[in-house]
Amino acid sequence: MKLTICWLYGSTMNIYGDRGNVLALAQRCRWRGIEAEVVTLGVGEPLEAGRYDLFFWGGGQDREQVAVAADISGPKGEVLRAEVEAGAPLLAVCGGYQLLGHSYQLGDETIEGLGLVDLRTVREEGPRLIGNIAIEVDLGTGKRVLAGFENHGGRTYLGAGEEPLGRVLHGHGNNGRDGFEGVRRGGLIGTYMHG
């Protein structure tokens, strides 16, 4: 068996050790006797429908997100949307998570997202949300604690119909106010948790 992982924007959206997520996914496959191939797609490179089994999208700084948002707004985004809606798993961290939603508001500038989930992110006044984070999740196998670290200036707000990934036990989560972290819909997971 072989699993092909598409790492979206690996050279531009790879901040805070997101490469480690891809390495961990591939190694976990190998431990289970599954061959894992990682294909990195950058800005301007087409996304081929039906080629990938899993998508990973890491974090990046605001200027990288602007370039990536422009690239994903065209045919690449249409293919990604169709793949995810057909059931392909997608793990998006930090900047990738923010671009899953409708928009990311940066002062007077609005970065349009994919709209795969009903969420909006706003760069608000106040300090960055930085530090270790632990959340309680239930992914169908009982409640567990996930731990990582977060470092984001954006505050993300989920629409009423969206399910958070988990409840914050320690740290800030989506916006430092509502007690939730991330989003989960089918095989799609968006999160601020690195590591």
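User: In this predicted model, does Glu136 count as buried or partly exposed, and at what relative accessibility?

Analyst: The cut-off for buried is under 20% relative accessible area. Glu136 has 23% relative accessibility and counts as partly exposed. The class and value asked for are partly exposed, 23%.

User: Which side chain does Glu136 meet in a salt bridge?

Analyst: A salt bridge needs a side-chain nitrogen of Lys or Arg within 4 Å of a carboxyl oxygen of Asp or Glu. The N to O distance here is 3.0 Å. The partner of Glu136 is Arg167.

User: How many residues apart are Glu136 and Arg167, and which strands hold them?

Analyst: Glu136 lies in strand β8, residues 129-138. Arg167 lies in strand β11, residues 166-170, so the pair links distant parts of the chain. Arg167 is itself partly exposed, with a relative accessible area of 40%. The strands are β8 and β11, and the separation is 31 residues.

User: How many salt bridges does the count come to?

Analyst: Among them are the pair Glu136 and Arg167 and the pair Glu37 and Lys2. The count comes to 7.

User: Which parts does the salt bridge of Glu37 and Lys2 tie together?

Analyst: The side chains of Glu37 and Lys2 meet at 3.0 Å, N to O. Glu37 belongs to residues 35-41 and Lys2 to residues 2-8, so the bridge joins parts 35 residues apart in sequence. Glu37 is partly exposed at 27%, and Lys2 is partly exposed at 42%. The parts are strand β2 and strand β1.

User: What is the N to O distance between Arg120 and Asp118?

Analyst: The side chains of Arg120 and Asp118 meet in a salt bridge. Arg120 is partly exposed at 44% relative accessibility, and Asp118 is partly exposed with a relative accessible area of 32%. The distance is 3.9 Å.

User: How many disulfides are there?

Analyst: A disulfide needs two cysteine sulfur atoms within 2.5 Å. For Cys94, the closest cysteine sulfur is in Cys6 at 19 Å, so that pair is too far for a bond. The count comes to 0.

User: Which cysteine sulfur is nearest to that of Cys29?

Analyst: Cys29 is in no disulfide. The nearest cysteine sulfur is 14 Å away, against a cut-off of 2.5 Å. That sulfur belongs to Cys6.

User: Are Cys29 and Cys94 buried or exposed?

Analyst: Buried means under 20% relative accessible area. Cys29 has a relative accessible area of 10%, and Cys94 has 5% relative accessibility. Cys29 and Cys94 therefore both count as buried.

Conventions. Residues are numbered from 1 along each chain as its sequence is written. This is a predicted model: local features need pLDDT of at least 70, side-chain atom pairs count only at pLDDT 80 or more; totals for chains, interfaces and linings use all residues. Side-chain values use heavy atoms; hydrogens and water are left out. Buried means under 20% relative accessible area, exposed over 50%, partly exposed in between (1.4 Å probe, protein chains only). Helices (H or I, at least four residues) and strands (E, at least two) are DSSP runs, numbered from the N terminus.
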